[in-house]
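Hello,

I am passing this structure on to you, as promised. Please have a look at it first, and then read my notes below.

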Amino acid sequence: MALRPYIVGNWKMNGTRAMLSEARAIDRAAQRHMKVEVAIAPPYTLIHAAHREAEQIGIGAQDCHPGEDGAFTGDISAPMLADAGAKFVILGHSERRECHGESNELVRSKAEAALKAGMRVIMCCGESASTRDAGKAVKFVTDQLRASLPEIEDPDNLLTVAYEPIWAIGTGNTATVADIEEMHRAIRALLVELYGAEKGAEIRILYGGSVKPDNAREILAADEVGGALVGGASLTADSFMGIALAA
Ligand code: PEP
């Protein structure tokens with residue numbers, strides 16, 4: 001059974017309590033468009049309040065530590081996030097991989113921790129401009145994913161993959177539909193190989209990278225695109241729900 005399109009907002013390091021009004025507005029609008037599954041990942045500081053105030057949409061986190069507790073100053077564990085109301089964690093985002101030197105192995109251990117804590121995982125992958133220019137994008141992304149994805153019995157509703165070409169994030173450049181479809185088909189083949197024909201076919205593959213209300217319809221209609229991971233355009237309810245309505 002095909003899952004609903006999944007539209008996820010990644011607020012990154014944006015938002016103080018004043019932005020909870022956007023979360024409430026997204027929540028209200030999402031309740032009128034139940035054909036789409038809507039979720040947002042605010043910064044850690046807003047997770048609990050967003051979970052209380054935006055009850056119908058999924059609230060998630062943008063990272064977690066692989067351990068459960070201990071002497072890790074400044075880190076937040078998966079059980080803590082689940083306790084705060086997070087239902088999913090975005091992992092392996094290129095900004096974590098690049099700015100914090102996160103390896104595939106670390107990303108994978110974080111995914112295992114998130115699943116153990118009862119949360120869903122959105123696993124990000126994506127190539128740089130130089131890798132794409134060298135014609136190595138598909139191999140790079142599938143190798144990265146193969147090394148980052150956790151072993152999991154029932155991945156269909158617990159695991160989502162987000163393909164986010166690094167050169168498209170926050171730049172206003174989006175991949176062409178042909179490039180998105182080529183990559184999503186390669187990711188689908190990998191998921192089927194790893195999780196089996198039935199379960200691998202059900203995992204949603206999101207596209208991320210400068211998705212906006214005016215390009216969302218074309219991207220979301222592409223083959224093997226099960227939704228979008230949205231950065232900048234998720235910061236206001238108007239633009240974010242403009243994307244959700246295009247799904
Ligand atoms: C992201 O970083 O997850 C992202 C897709 O950002 P933007 O939509 O701003 O390109």
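Here is what I found, from the whole chain down to single residues.

Please keep in mind that this is a predicted model: local features need pLDDT of at least 70, side-chain atom pairs count only at pLDDT 80 or more, and totals for chains, interfaces and linings use all residues. Residues are numbered from 1 along each chain as its sequence is written.

**The chain as a whole**

The chain has twelve helices and eight strands; these are DSSP runs numbered from the N terminus, with helices being H or I of at least four residues and strands E of at least two. Its radius of gyration, taken over C-alpha atoms, is 17 Å, close to the 18 Å from the globule rule for 247 residues, so the chain is as compact as a globular protein of that length. That rule is 2.2 Å times the number of residues to the power 0.38. Of the 247 residues, 45% count as buried. Buried here stands for 20 or more other C-beta atoms within 10 Å of a residue's own, exposed for 12 or fewer, and partly exposed for anything in between, with C-beta atoms placed from the backbone.

**The annotated binding site**

The UniProt record, an unreviewed entry, puts the feature "binding site" at N10, W11, K12, G170, S210, G231 and G232. Such annotations may be inferred rather than shown by experiment. These positions are spread over 223 residues of sequence, yet they cluster in space, with a largest C-alpha distance of 14.1 Å.

N10 lies in strand β1 (residues 6-10) and counts as buried because it has 26 C-beta neighbours inside 10 Å. K12 sits in the loop between β1 and α1 (20-31) and is partly exposed, with 18 other C-beta atoms within 10 Å. Leaving aside residues up to four places away in sequence, K12 is in contact (C-beta atoms, placed from the backbone, within 7 Å) with Q62 and G231. With its own neighbours within four places set aside, N10 has contacts that include Q62 and G231 too, as well as A41 and I90.

**Helix α11**

Which residues of helix α11 (residues 213-220) are buried? They are A216, I219 and L220. Around the axis they cover an arc of only 85 degrees, which puts them on the same side of α11; the arc is that of the directions from the helix axis to the C-beta atoms. The face turned away from this buried side carries the exposed residues D214 and R217. Among the elements covering the buried residues are α9 (177-195) and β7 (204-208).

Enjoy exploring it!

Conventions. Two residues are in contact if their C-beta atoms, placed from the backbone, lie within 7 Å.
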